[in-house]
Amino acid sequence: MQTYFLSQQFNSRYLAENSTACPANATICSGTSCVLPEDNFNETLSIVLSTVLTIMLALVMFSMGCNVEIKKFWGHIKRPWGIFVGFLCQFGIMPLTAFLLSLAFNVLPIQAVVVMIMGCCPGGTTSNVIAYWVDGDMDLSISMTTCSTLLAMGMMPLCLFVYTKMWTDSSAIVLPYNSIGISLVSLIIPVSFGIYVNHRWPSKAKIILKVGSIVGAVLVVLIAVVGGILYKGSWIISPKLWVIGTIFPAAGYSLGFLLARIAGLSWHRCRTVSLETGMQNSQLCSTIVQLSFTPEQLELMFTFPLIYSIFQLLFALLILGGYRVYRRHRVKTKTDVEKTEEKEDSKSMSSHAKINGGFVSNETK
């Protein structure tokens, strides 16, 4: 954490009128440049909100665990074809897409590095909530999130070493293994409790799941709002990063779904893999860039994780809306077809009854 962060320039007219132009709380004042102590408001707000979000996230993951069956979950572990497809998407498609986008838009080296870091991050826990809403495979979703977070400890350094050579020394990027470990623990423990509750008290698990889905919706909104509050002063960055932040998650969702379908996975698992691919752990990306780069470098790239998280959430909600419309239309169409078939069967049986003496079965009345 930097001790000082604000450098303010005062105009010459103000200096001429007031020889003590620097504020009284300035600790360093040289000419027209003053360095002020860091405002603790954002730091305090960040701590409070992080605590609240962590508790909410634990509750959400506990409720998601209440939708997981031990046999199915263990089946994915023993026959990890779906997990393997997700692994290829997470640490194959996403880093490669990040690399190609950075080359295509010819961004600054430091900006290319933050795009690569985002591409190498494991899946985020928000994907589990969205996967539940789109009737995805929750057993696969949670197992993919867990495995990608665990494998990130080895795959992130490898991917960054391979892809960032042309822009920077990969050893200069600090990977917060403690943060990855905390993410893993905060995922595994509440989900394990949820699985246990679902095994012992299935009826109570359904109630917890409904409450958790509502809390999950609130959590998704809070994450977006908190990002806007804490980083409101960091929105001025290159338009190229805005474009990449828009294209990248959309490409992740699309390519993840396509690869899953090519691999022969069912439709609901394709939706799950798609969400797990496009939704990255943007909080982890922000932590990495803060630990690895100077304040001057952060000005060029710090907001990219927030931009990515906004658009990954936006596209996820569009996917959710599209799926809900499709499901409603499909159910309506299916019901209409069944009614039409019943009427046709009824007519044919009635006509058959007239030919055979007028007897009509009670089933057709």
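User: Hi! Before we look at side chains, what is a polar contact here?
Analyst: Happy to start there, and please keep in mind that this is a predicted model. Within protein, one atom of the pair must be able to donate a hydrogen and the other to accept it. A polar contact is then a pair of N or O atoms within 3.5 Å.

User: With that in hand, which residue's backbone oxygen lies 2.8 Å from a polar atom of the side chain of T149?
Analyst: T149 lies in helix α7. A polar atom of the T149 side chain is 2.8 Å from a backbone oxygen, and that oxygen belongs to T145.

User: Is T149 buried or exposed?
Analyst: The relative accessibility of T149 is 5%. Buried means under 20% relative accessible area. Because 5% falls under that cut-off, T149 counts as buried.

User: Which residues is T149 in contact with, leaving aside its neighbours within four places in sequence?
Analyst: T149 sits in α7, and its side chain has a polar atom 2.8 Å from the backbone oxygen of T145. Leaving out neighbours within four places in sequence, T149 is in contact with P122, G123, I180, S183 and L184.

User: How far apart in space are T149 and N281, C-alpha to C-alpha?
Analyst: Along the sequence, T149 and N281 are 132 residues apart. In space, their C-alpha to C-alpha separation is 9.2 Å.

User: Staying with α7, how do helix α5 and helix α7 pack, in angle and in distance between their axes?
Analyst: Two packed helices are described by the angle between their axes and by the distance between those axes. Here the pair is α5, residues 109–120, and α7, residues 138–163. They pack at an angle of about 145°, with axes 10 Å apart.

User: Which residues make that contact?
Analyst: α5 passes α7 in a right-handed crossing. From α5 the contact uses M116, I117 and C120. From α7 it uses M156, C159, L160 and Y163.

User: What separates the C-alpha atoms of L158 and C120?
Analyst: L158 has its place in helix α7, and at 45% relative accessibility it counts as partly exposed. Along the chain, L158 and C120 are 38 residues apart. Their C-alpha atoms are separated by 9.3 Å.

User: Now for backbone angles: what is the phi of N106 near?
Analyst: N106 is found in the loop between α4, residues 81–105, and α5. With a relative accessible area of 58%, N106 is exposed. Its phi is positive although the residue is not glycine, and the value is near 50°.

User: And what is the phi of D135 near?
Analyst: D135 lies in the loop between α6, residues 126–133, and α7. At 31% relative accessibility, D135 counts as partly exposed. D135, a residue other than glycine, also has a positive phi, near 55°.

User: Which residues is S102 in contact with, leaving aside neighbours within four places in sequence?
Analyst: S102 lies in helix α4 and counts as buried at 2% relative accessibility. Setting aside neighbours within four places in sequence, S102 is in contact with V107, A112, V115 and W167.

User: How far does helix α10 reach from its first C-alpha to its last?
Analyst: α10 covers residues 239–262, which makes 24 residues. At 1.5 Å a residue, the expected reach is 34 Å, and the helix comes close to that. From first C-alpha to last, α10 reaches 34 Å.

User: Which residue with a positive phi follows α10?
Analyst: Within α10, the buried residues include L241, F248, P249 and Y253. After the helix comes a residue whose phi is positive, near 85°, namely G264.

User: How much of residues 241–263 is helix?
Analyst: The unreviewed UniProt entry places a "transmembrane region" at several spans, including 241–263. The end C-alpha atoms of residues 241–263 are 32 Å apart.

User: Is S309 buried or exposed?
Analyst: S309 is found in helix α14, residues 304–355. A polar atom of its side chain lies 2.7 Å from the backbone oxygen of L306. Because its relative accessible area is 15%, S309 is buried.

User: Last one: what share of the 365 residues in the protein is buried?
Analyst: The secondary structure comes to 14 helices and three strands. Among contacts between residues at least 6 apart in sequence, 81% join residues at least 24 apart. The buried share of the 365 residues is 41%.

Methods
Residues numbered from 1 in each chain as written. Predicted model: local features only at pLDDT ≥ 70, side-chain atom pairs only at ≥ 80, totals over all residues. Heavy atoms only, no water. Helix = DSSP H or I, 4+ residues; strand = E, 2+ residues; numbered from the N terminus. Expected span 1.5 Å × (residues − 1). Buried < 20%, exposed > 50% of the residue type's maximum accessible area, 1.4 Å probe, protein only. UniProt positions renumbered as here; feature names shortened; annotations may be inferred. Axes fitted to C-alpha atoms, helices over the stretch in contact; angles between N-to-C directions. Left-handed = near helix turned anticlockwise from the far one by under 90°. Contact = heavy atoms within 4.5 Å.
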